[in-house]
Amino acid sequence: MSWAQDIAKLGRLDEQVPMSAHTTLAIGGPAHWYFRATGIHELAEALRIIPLDIAILPLGRGSNLLVPDHGFDGIVLDFGELSQITVADTTLTAEAGARMSKVAQQCATHGLAGLEFLATVPGDMGGGIAMNAGAFGQQLSDTLLSIQILHRHGEIETFQRDQLQMIYRHTSLPKKSLVVSSVFTLNIDKSEAIRERMRNMRKQRSSTQPLALPNCGSVFKNPEGDYAARLIEEAGLKGKKIGHATISSTHANFIVNEGGASCEDVLTLINMAQQAVQAKFDIRLEPEVRIMGGSA
Ligand SMILES: Cc1cc2nc3c(=O)[nH]c(=O)nc-3n(C[C@H](O)[C@H](O)[C@H](O)COP(=O)(O)OP(=O)(O)OC[C@H]3O[C@@H](n4cnc5c(N)ncnc54)[C@H](O)[C@@H]3O)c2cc1C
């Protein structure tokens, strides 16, 4: 296939790559193509070459993604080569493939406050912006100045924060666009004070979340004024197991893969939780996890 040969010159192209190796839930069948561009300009060029009828999936660390067992008949775009983080005074710029934990480290090193929560959230900055990641009362939109995106046709455009609608765990990006970098303005503080806040956040996390088994973090968004975990627990589903997937008995808004769980196992648990919470509390739980190729 000639377009595939052409983009293979712009990075690394693999075929039939199991998505279970690229999601923190360790679930998902093969992606037809898996492409890792060597840089932003190579990625832009590849987008101009990939036919418009081929589905694209921008992928960070796959920490908020549920991929079907039959896989993805399109091209996954991996940002692993775009991982630079630069700091100038109180401005931090991160490419999409930079790990959020690495950004947290840089913040501590440079004495920049406002993104401490990134020390506790898995994933890359591109995925973080797409989800408007947040925790402990902070979210990316609070300190974001601008982002650079690549449109599906390969053009680069800068968006200022006020041009973007960013709400709880959601950013409205132009259709099929990719985040390639983001810029933040942060506050000056002592490195040790920042590190101490990060340590406390990590400690809180490890005592309340089932981090030893593959998972995707919170499965559902918290409904206004309540907690999805409380609702699921009170609906009697904590510990519920389908196949090899279980609603965690440590935190009911987590589904864990106990080894060999399928996407169907997880989807069944998601539907059960939604139905049970709807029946008991008349509240519709909205998934936070991005379910590829469907909605729950
Ligand atoms: C143990 C655990 C704890 C977690 N805790 C939190 C938490 O406290 N707060 C929180 O907000 N989240 C949390 N999460 C969820 C997850 O870490 C975040 O949603 C994170 O931002 C996802 O980043 P990612 O790189 O893994 O994105 P992915 O899962 O790879 O992708 C998520 C979505 O973003 C899209 N995307 C990825 N990269 C790009 C890009 N460059 N351009 C455009 N779209 C893109 C994908 O197509 C997909 O739709 C947790 C997850 C785990 C496993």
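Two strands count as paired here if DSSP finds at least two bridges between them. With that in hand, let us walk through this predicted model, starting with a sheet and moving on to the ligand.

**The sheet**

Arg36 stands opposite Asp78 in S5. The strands involved in the pairing are S2 (residues 30-37) and S5 (residues 72-78), which run in the parallel sense over five bridges. Both belong to an open sheet of four strands, ordered S1-S2-S5-S3, with mixed pairing. At its edges sit strand S1 (11-18) and S3, each pairing on one side only. On average, neighbouring strands of this sheet are turned by 25° against each other, direction ignored.

**The ligand and its shell**

Now to the ligand, which has 36 residues around it; the closest are Pro58, Ser63, Pro122, Gly134 and Arg205.

| Residue | Part of the residue | Distance to a ligand oxygen atom |
|---|---|---|
| Pro122 | backbone N or O atom | 2.8 Å |
| Arg169 | side-chain N or O atom | 3.1 Å |
| Arg290 | side-chain N or O atom | 2.9 Å |

Taken alone, the ligand exposes 970 Å², and the protein buries 94% of that. The elements giving two or more residues to the shell are strand S3 (56-59), helix H4 (125-131), strand S9 (134-135) and strand S15 (178-185). Of the shell, H4 supplies the largest share, five residues. S3, then, is both an edge strand of the sheet and a contributor to the ligand shell.

By class, the shell has 17 nonpolar, 13 polar and six charged residues. Domain 1 (2-78) and domain 2 (85-208) each provide at least three of the shell residues.

Terms used: Residues are numbered from 1 along each chain as its sequence is written. This is a predicted model: local features need pLDDT of at least 70, side-chain atom pairs count only at pLDDT 80 or more; totals for chains, interfaces and linings use all residues. Side-chain values use heavy atoms; hydrogens and water are left out. A residue is near a molecule or strand if one of its heavy atoms lies within 4 Å of it. A polar contact is a pair of N or O atoms within 3.5 Å; within protein, one must be able to donate a hydrogen and the other to accept it, and residues adjacent in sequence count only if both atoms are side-chain atoms. Accessible areas come from the Shrake-Rupley method with a 1.4 Å probe; for residues, only the protein chains shown count as cover. Ala, Val, Leu, Ile, Met, Phe, Trp, Tyr, Cys and Pro count as nonpolar, Asp, Glu, Lys and Arg as charged, and the others, Gly among them, as polar. Domain bounds come from an automatic or database domain assignment. Axes are lines fitted to C-alpha atoms, for helices over the stretch in contact, and angles run from 0 to 180 degrees between N-to-C directions.
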